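The stops below go from a pocket to a sheet and then to a helix.

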Amino acid sequence: PIFDSTSREKTKTFSIPMKPHKGQLKILELPHRFIWGICGRSWGKTVLAELNALRGLEIANTFNLYLAPTQKQGKAIIWERFLSIFPYELIERKLETELIIVCKYTHARLQILGVDNKEALRGLKPDRLTIDECQGIPANAYEKIIRPMLSTGGTLGRGLFLGTKKPKNNWFRKKWLSARSGDLGEKHMA
């Protein structure tokens, strides 16, 4: 079981019907604050994103944010699948229009948003951020909105940035190469 939620009276353990492969487990176990992953098609980026979000929901009172290039894409990529694998008895509140789930026992919240509405992202302070399809997100959105949201407020959020190799000359690939070479510092891993 990857989800162990605790209430005052008892502990509940739920098994999630997902079997991550060794590469996904290796990434999930990294202690770094920022993890950059370039993965090939069919490697399982979305499964990794789902597992990262589930792990965030294990931590009490956290705000976990999943970003896609557009909210429509985020809903298509992860929302329905997440609802199908996340045990119904763990859901305290589900807001379909806002794409929000609140976990019953930890009161942790997961929200799915798109970078197409940049202004809606301003002021958010996620404890855990997962971005899927990073190569489809504009560089200015990362520099001006996403990166600052992980450094403001009382918490220093963690980020998992996932995408593919194409196109080769974009901000995401450059950040991945910088993290891989160590140029971004010890908090980053690629």
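Start with the lining of the largest pocket, which is made up of 10 nonpolar residues, two polar ones and one charged one. Bear in mind throughout that the model is predicted.

The space in this pocket comes to about 240 Å³. Its lining has 13 residues, and those closest to the centre of the pocket are K26, I27, L30, W36 and A190.

Next, colour α1 (22-28) and β3, each of which supplies at least two residues of the lining. Which element gives the most to the lining of the largest pocket? That is β3, with four residues.

Stay with β3 and bring up the sheet around it. Eight strands form an open sheet with mixed pairing. Select them in sheet order: β5, β6, β7, β4, β8, β9, β3, β10. At the edges you will find β5 (91-95) and β10 (188-189). Each has a single partner strand, so one side of each is left without a neighbour in the sheet.

Now select residues 100-103, strand β6, together with residues 109-114, strand β7. How do these two strands pair, parallel or antiparallel? The pairing of β6 and β7 is antiparallel and runs over three bridges.

Last, select residues 171-181, helix α6. Helix α6 lies across β3 (34-38), β9 (158-163) and β10. Relative to β3, the helix runs at about 115 degrees.

Technical notes
Residues are numbered from 1 along each chain as its sequence is written. This is a predicted model: local features need pLDDT of at least 70, side-chain atom pairs count only at pLDDT 80 or more; totals for chains, interfaces and linings use all residues. Side-chain values use heavy atoms; hydrogens and water are left out. Two strands pair if DSSP finds at least two bridges between them. Contact means heavy atoms within 4.5 Å. Axes are lines fitted to C-alpha atoms, for helices over the stretch in contact, and angles run from 0 to 180 degrees between N-to-C directions. On a 1 Å grid over the protein atoms alone, a cavity is a set of points where a 1.4 Å probe fits but cannot get out, and a pocket is an open set with protein on both sides within 12 Å along at least five of seven lines; lining residues have an atom within 4 Å of a point. Grid points are joined across faces, edges and corners, and a volume is the space filled by probe spheres set on the points. Ala, Val, Leu, Ile, Met, Phe, Trp, Tyr, Cys and Pro count as nonpolar, Asp, Glu, Lys and Arg as charged, and the others, Gly among them, as polar.
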